[in-house]
Amino acid sequence: MAIPLLSALAIIGTSLSTSATAQSQIPVNPVAMVNQFEATNGKFDGYRRSGAKGVCATGEFTGSPEGRALSVASVFSGKPIPVLARFSVGGANPKAADNTKSQRNMSLQFTLPNGEQWLMGNISAPIFGSATPQQLMALLVARQPDPVTKAADPAKIKAFNDANPEVLLQGRYLASQPVPASFSSVNYWGVHAFSFTNASGAKQFGKWVFEPVNGTQGLTDEEAKEKGPNFLADDLRQRVKEGKVAFNFNLELAQPGDQLDNATVALPEGRKKVTLGTLRITSVSPDEKGACVTVNYNPMVMPKGVEPSNDPMLSARAAPYAVALGRRLSEGPKQ
Ligand code: HEM
């Protein structure tokens, strides 16, 4: 029996849109993802494929009573917890300039009693630049330089951005902020939601931000120019020597209805914020080496009492981080 034309088109339309949806849910192969990072952002042997230019530091975290009220995690006990930190500049280039309005990162490894660890990689923006691993992969493909011209195709980038406007929000935020005066003077957000479980079993979702105890500090365009492209590591060494570097670990508490599965969407303004504890940075590596060089700050490693949300970007980070670590270890890890 012949199918009327309109019905046939409807069937084709349904199957096309179903396959497009299915496509967007196909897990991204972590090897393909790291290959695409290299194809788009450049390959620098031995360096992290993201946050390549960085410096190791150590510190101590002390949890607060508010932290203990929200979560049974041993990190909030109030006893000093050793932390292995890494501060870095966004991007794959180990020679990235320190004096531009790009992303800064603060990655942390808390070493907890009973062999537990908490790993996290936090960024100097309240949101990330893609909502799903599939969108990140497509973004990288759209921005891949042509092998001949060595430049990305502006038409491809525009078409991708027009179809995925949320990928521009993070860049807009960073452009709206001054160049950070120091690794120690900018806020670092976790961007994903996590849940915190207390001794009564009550769960509270939230998104965290590490805020400098002495406040944020930015540079004017003139000051940034004068600082030059390599000042952040020495600045941090100096400020830590003076005992000035500390952050409050603050949790913005989610309310019912808040979107918790999208790293491009911050919690609404004005959510209650509680201080879970204070992180003090106590030493900075004198050179590019240090214990953080071989650490993979996989944010899916967390203590009992803290659980991940179902943000697809969060779980998608674990495998590519492992692939990237494997590559840089075999190349001879640097920074
Ligand atoms: C599917 C999504 C993502 C992929 C595939 C990805 C990929 C990577 C890779 C390959 C590295 C280098 C890891 C290493 O060599 O140890 C890295 C580092 C990093 N990423 Fe991501 N990333 C993703 C999402 C995010 C998000 C949402 C954030 C926001 C908080 C983020 C923040 C960071 C930071 C701060 C570092 C530097 C960590 C360090 O100092 O070692 N990433 N990322």
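Predicted model: local features only at pLDDT ≥ 70, side-chain atom pairs only at ≥ 80, totals over all residues.
**Whole chain.** Start with the cartoon. The chain has ten helices and twelve strands. Its radius of gyration is 21 Å, close to the 20 Å of the globule rule for 335 residues, so the chain is as compact as a globular protein of that length. Draw a box along the principal axes: the C-alpha atoms fill roughly 80 × 55 × 40 Å. Colour by burial next. Of the 335 residues, 36% count as buried.

**Largest nonpolar core.** Select Ala57, Val83, Ala85 and Leu236. Among the 50 residues of this core, these four touch the most other members. Now show strand S2, residues 81-89. S2 gives the most to the core, with five residues. Stop at Ala85. Which residues is it in contact with, leaving aside neighbours within four places in sequence? They are Ala57, Thr58, Gly59, Met106, Ser107, Leu108 and Ile281.

**Second core.** Select Met33, Val34, Phe37 and Val323. They belong to a separate core of six residues.

**Ligand shell.** Select the ligand and its surroundings. The shell holds 30 residues, and the closest are Ser50, Gly51, Asn105, Gly121 and Ala324. Colour by element next. H2 (30-41), S2, S3 (104-111), S4 (117-123), H4 (133-142) and H10 (318-331) each supply at least two shell residues. H10 gives the most, with five. Finish by colouring the shell by class: 16 residues are nonpolar, nine polar and five charged.

Technical notes. Residues numbered from 1 in each chain as written. Core = buried A, V, L, I, M, F, W, Y, C linked by C-beta atoms within 7 Å. Buried ≥ 20, exposed ≤ 12 C-beta atoms within 10 Å, placed from the backbone. Helix = DSSP H or I, 4+ residues; strand = E, 2+ residues; numbered from the N terminus. Contact = placed C-beta atoms within 7 Å. Rg over C-alpha atoms; globule rule 2.2 N^0.38 Å. Near = placed C-beta within 6 Å. Nonpolar A, V, L, I, M, F, W, Y, C, P; charged D, E, K, R; others polar.
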